[in-house]
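Here's a quick briefing on charged side-chain pairs. Have a look at the sequence and the model first, then read on.

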Protein chains: 2
Amino acid sequence: MLKAEIIAIGSELLTPYRVDTNSLWLTERLNSIGIHVHLKTVVGDDEARLEETLSHALRHSDIIVSTGGLGPTEDDITRKVFARVTNRQLKLDYEILENLRQRMESRGFKMTPNNERQALVPRGATVLPNPNGTAPGLKLDEDGKLVILLPGPPRENQPMFDICVMPELEKLSRGIRIATRLLKVTGIGESQMDDMIAPIYQQYTDITTTVLFTNSEIEIHLAAQAETLTQAQARVNELAEKLEEKLDLYCYSSRGEMLEEVIGRKLKLKGYRLATAESCTGGLVAERLTRIAGASDYFIGSVVSYSNEAKMGLLNVTKEMLDRSGAVSGEVAEAMARGIKEQTGATIGVSVTGIAGPGGGSDAVPVGTVYIGLADDVGASNKRLILPGDRELIRARAASAALELVRRRYLL
Amino acid sequence: MLKAEIIAIGSELLTPYRVDTNSLWLTERLNSIGIHVHLKTVVGDDEARLEETLSHALRHSDIIVSTGGLGPTEDDITRKVFARVTNRQLKLDYEILENLRQRMESRGFKMTPNNERQALVPRGATVLPNPNGTAPGLKLDEDGKLVILLPGPPRENQPMFDICVMPELEKLSRGIRIATRLLKVTGIGESQMDDMIAPIYQQYTDITTTVLFTNSEIEIHLAAQAETLTQAQARVNELAEKLEEKLDLYCYSSRGEMLEEVIGRKLKLKGYRLATAESCTGGLVAERLTRIAGASDYFIGSVVSYSNEAKMGLLNVTKEMLDRSGAVSGEVAEAMARGIKEQTGATIGVSVTGIAGPGGGSDAVPVGTVYIGLADDVGASNKRLILPGDRELIRARAASAALELVRRRYLL
């Protein structure tokens, strides 16, 4: 298997504020054709460090991909350092220069010496055109190692990589093809899930199974390797189906969809229309549902009743009930769900009320207590949860729990 | 200035799904005492690669901090590889072993040989206790270089680093102290802003000024270096004040606060209460306001009127107006703002209606068209924006624009 190394170049990536994310997309593309990423490095605009990193990479990796450091400013050193490491002269490429000049002039700018630097090309390198920016990429063969120098911005380096680099890499990786599937699981603990499925996936030694845990769900990444994509897909689909069957209702998607996507598709299919009433989640359930384009087909709207007045004024929850049971109670959750259903004429009303903290908890109703309410034409019900985590996590988990309850109750 | 290098260890960090974020927090801590991070590396559970990376780090850095690879599984190789690179024997530490045994037994587990591995210590290393997990950290001096091996989870490595490592690093960095300030700016373009402030910050050659752009705002990070923290703070405060004065209303915080924090504080101070009516943002404005604990002091609630029925039923927008002007119009934005103000009794009603796309646009009302409405006791007004970006970006920018309009109109 070919070994690749990714180098992210730029001092902003060594500050406390920015992380290199280009490498995630590049890794996905490289993995898809059976190329393994075995090292990632982040270097600043620091010639000595970049020189060491490049020399080391040329000794240890078959494919080296760098992002950044190709721009027009003094700090952009990739071109120069690479030429030095490989003992290549830099020559001015007049075609690039002319393109740059036209691009600048069409925008009313004048060419500067700084900009000319972007037209320097190490001898023997292939220029990768950049329709979305000024800095072209570069590709070279150095003693059988393939080196790809890409600009930093994703909207520039992604099309460049797909169009100018992937075809060559596909040839290099000599017919190894990878097919992937992503299962999304919720409502079950990590170790309990692994006990269920390990006996199945362990039989598929040609498939890499990676289990990752996020705030409120589990991702099972499957990657099968074969000589053709069709063969790899057949293998990965076989395992995905077995796992999906075993996980049953815990698995809400076997194709990597978001929970709100799955719910939206099924609500539309059934002709149901949803409305939400939210207290502690503050609009997060509605916000997640409306991330999906076309949500207006099945989502009417929401009331965020953050105060008791809003619960009374907008959702017809009575003062007596709030005094009697408290705003964080199963009774109020049901009343909120009924209220929003009545106000909007939705098929299903779903509500969330709880204490996200850090303040506001008590012995009887501690921080993390959340009630989900559901109302339909038949009646109303509620579910009590105690969610761990800080304010942000409790809100995220409460929103996921509300969406998941709708799926389990109405959409299986 | 001392040079540090951060190594993140773990194969999951070489997948397309996970990025190393430990290094951001560590960089912030190191920078705060004048230690510069000059390289970051991500290696998998791969002994050969880690060995090379550690050897290289010992040659080029004064301080080496690694995270991960200290756990009980076969894959956790940090301890072993480090001992090999530095020619140190691994010895079993009976105190760690006993702590592990007690910890496991108190939770009803039995000690396994895998767990015993966590009690191996390279000769000469100092053990860093881990009150929040099983794997202790390690600290060693190797030929004058300080090496810190930390476990991967932030809730384990952060207190460990602060308690057991920072005091020693503060001594090593010999009285270099750094003070930082973060200015947040919105409503102005990048180059226009830089033209305004560059003549000021360029005079402060002892202060590092880093300008970063996010979706809808600009961050200006200032870091001043001096012999005492008081001196450094005085310098950075002087520059921050000059920049804040120059940027005037464009600068909504000079202390790194979020826009919703600033708005919340000022609403509370003035005794105003806010309510929102959202269409294309789907609840995002309410969700952002309620990220701040205590938001109920100034935020009553929101109506997410994703459908026209919800605009009519929950906000009293008339069918005639919707037919006449269309849901995405200044007239409807004002009616939504008035509607939510009346329904909730808020001091200020703010509304957002627009087309986030990708579908739904027309020549007259293209994707990205957003109207913000404001209503108070005096009257109502609206502002039209054309926002660039995809669905997610347009929603994020529309929410920021709504919050910023409230700040500019009512809270300066």
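A salt bridge here is a side-chain nitrogen of Lys or Arg within 4 Å of a carboxyl oxygen of Asp or Glu. This is a predicted model, where local features need pLDDT of at least 70, side-chain atom pairs count only at pLDDT 80 or more, and totals for chains, interfaces and linings use all residues. Side-chain values use heavy atoms, with hydrogens and water left out. Over all chains, the structure holds 47 salt bridges.

**A pair in chain A**
- A:K268 and A:D297 form a salt bridge, with 3.2 Å between the closest N and O atoms.
- A:K268 sits in helix α9 (residues 259–270) and A:D297 in the loop between α10 (284–289) and β14 (299–305), so the pair ties together parts 29 residues apart in sequence; helices (H or I, at least four residues) and strands (E, at least two) are DSSP runs, numbered from the N terminus.
- A:K268 counts as exposed at 52% relative accessibility, while A:D297 is partly exposed at 44% (buried is under 20% relative accessible area, exposed over 50%, partly exposed in between; 1.4 Å probe, protein chains only).

**Pairs in chain B**
- B:R88 bridges to B:E142, the closest N and O atoms being 2.7 Å apart.
- B:R88 is in the loop between α3 (78–85) and β4 (90–92) and B:E142 in strand β7 (residues 137–142), so this pair ties together parts 54 residues apart in sequence.
- Both B:R88 and B:E142 are buried.
- B:E260 and B:R288 also meet in a salt bridge (2.9 Å, N to O).
- B:E260 is buried at 2% relative accessibility, and B:R288 is buried at 11% relative accessible area.

**A network**
- Salt bridges link A:E260, A:E287, A:R288, A:R291 and B:R395 in a network.

Methods
Residues are numbered from 1 along each chain as its sequence is written. Chains are lettered from A and ligands numbered from 1 in the order in which they are written.
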